[in-house]
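Subject: Structure handover

Dear colleague,

Please find the structure below, followed by an account of what came out of the analysis. I would be glad if you could read the notes with the coordinates open beside them.

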Amino acid sequence: MKKIFLACAAFATMIGTYSCTKLDVPVESQYVKSNFPVTDADYTALLGTIYSNLSSSYAVPYWRMQDMSTDEAILPARDGNFDDGGQYRQLHYHTWTFDHPNVIGVWQWGFGGINTCNRIITVINASSSTAEKKASSIAEVKAMRALYLYFMMDLYGNVPIITDFPVTTQPTNQPRAKVYEFIESELKSVLPLLPAKTSNAATNVGQYGRPTKGMVFALLAKMYLNSGIYTGTTRYQETVTMCDSVQANTNYFLDAKYRDIFLPTNGPAINETIFAVPYDQQIPGNQFTRFGFFYYLAQAYGFNVGLSIAMSTTPEFYNRFNIPGDDRSKTWLAGPQYYPDGNGGFTNQPVYYPAPNATKQINIIPTLTLTGLKPMDLGNDVTTSQSEGVRSIKYYPDVNIIQATRLNSNDVPVFRLADIYLMKAEAILRGAAPTTINGDAQTPLTLVNKLRSRAHAELATSIDLDALLDERARELSWEAWRRNDLIRYGLFEKEYPLPVMGGKTDDLKMNTDPTRRLYPIPSTELKTNPNLKQNPGY
């Protein structure tokens with residue numbers, strides 16, 4: 001089912017580029033305004049490019065902007081390897097500039113998606129489809145356009161609002177609050193026309209990875225929770241209302257096993273997924289194993305491809321995974337390593353380093369010890385520096401990974417029910433009134449303990465805002481929400497502990513200026529559009 005959007009995107013491209021050499025073919029056999037799009041297959045093909053664009057950058061460049069700029073993820077160099085011009089340490093230390101590759105690439109990805117949505121709306125409006133079909137399809141496109149624009153507003157702040165295709169005048173920045181209001185208005189307007197998740201498995205497969213009422217409620221909840229940052233006005237009670245709207249649909253419920261949510265076989269069968277980005281060996285974009293796995297474990301996991309050994313988490317972030325019995329702690333490669341059992345667990349058979357250290361068991365330690373010889377560099381010794389830094393296997397390594405692409409088949413959730421619970425709990429702790437869902441009186445403590453119970457973790461006896469932030473770290477690690485959370489808590493510019501020094505001096509310092517809560521408008525956009533104004537601090 002994951003291949004649907006890829007195939008449809010390819011078909012949409014084909015019909016836009018195909019040229020005929022036989023010129024006397026009747027017009028009825030060509031795709032023109034009067035006969036395309038008409039059928040459901042036509043519409044699926046037309047809309048496919050929206051989703052292929054989304055998957056192309058969500059799980060790597062966009063994810064890096066959101067998580068590698070925090071304590072959650074770090075990609076240190078290893079004797080100069082994996083430095084890649086310093087782009088990863090610039091994210092980690094908040095020293096990026098307006099020509100950083102992710103700053104440029106993610107802007108182009110986001111507004112490229114918005115432009116695609118606008119183009120498709122133009123095509124639909126010009127078609128001969130029924131008014132009902134046009135309205136429902138445009139609602140889907142507008143919901144996706146709102147999601148793209150939310151990503152851009154969250155990252156860059158005062159961004160243009162573009163709804164025309166083609167664009168005839170160069171756009172200007174709009175105040176963040178105005179962009180927020182536009183997104184909210186768009187989401188509310190399309191809500192009645194979007195489908196709701198049902199108990200019918202076949203129907204849910206068709207909706208999977210596409211906007212639903214639940215996706216709109218979840219996005220609005222995220223906007224309202226962060227409203228104080230985006231607009232200066234808090235809206236915590238409305239956050240609870242949107243969370244309640246998701247929970248009112250009992251077809252969303254927690255899956256029994258935390259690990260199952262992120263396996264390569266995940267997909268429509270995951271009950272708590274509200275909106276996800278589908279990936280497989282044909283849909284490129286998910287390369288978590290390539291960048292974040294430990295190379296010398298590859299054969300033990302059933303594949304033999306070239307992988308990075310660099311991306312990990314910081315010791316301080318990993319220290320939060322300290323609750324007895326917590327299944328979420330098992331999503332990290334830490335300590336002595338053993339062969340996997342194929343079900344997300346491990347056997348008792350040790351995995352050893354390659355020769356000449358073939359008798360030494362692989363041992364991954366949380367500590368990051370900088371050499372000081374190169375910026376944010378750990379050195380390159382196999383059994384010491386290469387083994388520093390706990391790696392995430394939350395998106396469990398895919399045995400079908402191949403050298404040519406090094407892709408994962410794990411779908412990546414954007415919104416899921418666990419986040420709804422945690423957003424609701426936080427909104428209540430910040431002053432909203434608790435509510436009752438289906439006879440279940442929900443408080444921050446009961447909501448957190450629903451997740452802990454599912455993870456077989458020791459239940460909490462109390463919860464406050466600081467503890468809730470730690471719970472979000474445990475539940476939502478590597479799901480691209482850490483930056484968003486830290487900004488809301490006022491902690492994004494707080495200097496996290498630097499890696500341990502190995503007797504040398506590393507002159508890198510974290511930029512703690514609050515202007516780093518926004519990324520800069522890219523240099524490429526400023527050069528081509530004089531109507532854009534740079535964000536403060538750049």
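A contact here means heavy atoms within 4.5 Å. By that criterion, and leaving aside its neighbours within four places in sequence, Phe415 is in contact with Leu147, Met215, Ala218, Leu219, Lys222, Thr273, Ile274, Phe275 and Trp481.

Before the rest, the conventions: this is a predicted model, in which local features need pLDDT of at least 70 and side-chain atom pairs count only at pLDDT 80 or more, whereas totals for chains, interfaces and linings use all residues. Residues are numbered from 1 along each chain as its sequence is written, and side-chain values use heavy atoms, with hydrogens and water left out.

Overall architecture

The chain has 17 helices and twelve strands, where helices (H or I, at least four residues) and strands (E, at least two) are DSSP runs numbered from the N terminus. Because a compact globule of 538 residues would have a radius of gyration near 24 Å, the 24 Å found for the chain agrees with that expectation; the radius is taken over C-alpha atoms, and the globule rule is 2.2 Å times the number of residues to the power 0.38. Along the principal axes, the C-alpha atoms fill a box of roughly 75 × 60 × 50 Å. Among contacts between residues at least 6 apart in sequence, 73% join residues at least 24 apart.

Of the 538 residues, 57% count as buried (under 20% relative accessible area, with exposed meaning over 50% and partly exposed in between; 1.4 Å probe, protein chains only). The accessible surface comes to about 21,100 Å², of which 54% belongs to carbon and sulfur atoms; these areas come from the Shrake-Rupley method with a 1.4 Å probe, and for residues only the protein chains shown count as cover.

Nonpolar cores

A nonpolar core is a set of buried Ala, Val, Leu, Ile, Met, Phe, Trp, Tyr and Cys residues joined through side-chain atoms within 4.5 Å. The largest has 121 residues, and those with the most contacts inside it are Tyr58, Phe151, Tyr156 and Phe415. Helix α5 (residues 131-156) gives the most to this core, with 15 residues. A second, separate core of 18 residues includes Val305, Ile364, Tyr396 and Ile401.

Strands β1 and β9

Five of the five residues of strand β1 (residues 273-277) are buried, so this strand is largely enclosed by the rest of the structure. β1 and β9 pair in the antiparallel sense over four bridges, pairing requiring that DSSP finds at least two bridges between two strands.

Salt bridges

With a salt bridge taken as a side-chain nitrogen of Lys or Arg within 4 Å of a carboxyl oxygen of Asp or Glu, the count comes to 33. Glu475 and Arg416 meet in one of them, at 3.0 Å from N to O; this pair links distant parts of the chain, with Glu475 in helix α15 (residues 465-476) and Arg416 in strand β9 (residues 412-416), 59 residues apart. Both Glu475 and Arg416 are buried.

Also in helix α15, Glu471 and Arg474 lie three residues apart, about one turn of the helix, and form a salt bridge whose closest N and O atoms are 3.0 Å apart. Glu471 is buried at a relative accessible area of 0%, and Arg474 is buried at 6%. In the salt bridge of Asp326 with Arg328, the closest N and O atoms are 2.9 Å apart; Asp326 is buried, with a relative accessible area of 3%, and Arg328 counts as buried at 0%. These residues belong to a network of salt bridges that also includes Glu272, Lys394, Arg452, Arg454 and Glu479.

With best regards
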